[in-house]
Amino acid sequence: EISDIVFRVNDTSLTPTVGPELARKLTEIAGIQQGEYQVADATAAFQEVQQLFGFITTIISAIAGISLFVGGTGVMNIMLVSVTERTREIGIKKALGARRKIILKQVLIEAVILTLMGGFIGVVAGILSGFAITQSLAYPYILSLFSVFVSLLFCCIIGVVFGLLPAVKASKLDPIEALRFE
């Protein structure tokens, strides 16, 4: 006695018409006197799972966005402290002829390097933890180099965006006032 038969349809839009016809045909072929074959369509369940994954993705994206903002604010504060500690050095550079653009680039590069260092640590931690999890579950480990590239690109963007305020502050320092700074 066969209790279940599973069919896969390549075009899911045909399921509502093909399913009942298939059940009727199977009932006819089997010559069942009592009962009949019925179709259980998993499309609705699949759509609910997709909706749930969409909601989870939104929540995780919001948490990631908040984390990036907090991390960026931390970078900005570190760079503001760095600029304050090196006010005299910046004053000397400006007194020797360094243009505003040079000071701006220097501080932005430092901010990007700072965020890239954090990004590299995060990527390595992610790769190692992903490898450990997949090995413990006996799944194949797949590393997406595109994801690694995008995450490091995001680190650079965060460094530029949140390093801009300290860089502008440093580039606008008056050399005379900066040299007097203790």
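With Lys and Arg counted as positive and Asp and Glu as negative, the protein chain of this predicted model carries 14 positive and 14 negative side chains, and the centres of the two sets lie 25 Å apart. The accessible surface of the protein chain amounts to about 13500 Å², and 68% of this area belongs to carbon and sulfur atoms.

The secondary structure consists of six helices and zero strands, arranged along the sequence in the pattern α-α-α-α-α-α. The radius of gyration is 30 Å, well over the 16 Å given by the globule rule for 182 residues, and the protein chain is therefore more spread out than a compact globule. In keeping with this topic, the C-alpha trace spans about 100 × 35 × 20 Å along its principal axes. Of the 182 residues, 21% are buried, while residues 24 or more positions apart account for 75% of the contacts with a separation of 6 or more.

Phe 69 is exposed, at a relative accessible area of 52%, whereas Phe 162 counts as buried at 12% relative accessibility.

Phe 131 and Tyr 141 likewise form an edge-to-face pair, at 5.4 Å centre to centre and 85° between the planes. Phe 131 belongs to helix α4 (residues 100–136) and Tyr 141 to the loop between α4 and α5, so the pair ties together parts that are ten residues apart in sequence. Phe 131 counts as partly exposed at 41% relative accessibility, and Tyr 141 counts as partly exposed at 28%.

How values were computed: Residues numbered from 1 in each chain as written. Predicted model: local features only at pLDDT ≥ 70, side-chain atom pairs only at ≥ 80, totals over all residues. Heavy atoms only, no water. Buried < 20%, exposed > 50% of the residue type's maximum accessible area, 1.4 Å probe, protein only. Phe/Tyr/Trp six-rings, centres within 6.5 Å; stacked < 30°, edge-to-face > 60°. Helix = DSSP H or I, 4+ residues; strand = E, 2+ residues; numbered from the N terminus. Rg over C-alpha atoms; globule rule 2.2 N^0.38 Å. Contact = heavy atoms within 4.5 Å. Areas by Shrake-Rupley, 256 points an atom, 1.4 Å probe, with all protein chains shown as cover. Charge placed at Lys NZ, Arg CZ, Asp CG, Glu CD.
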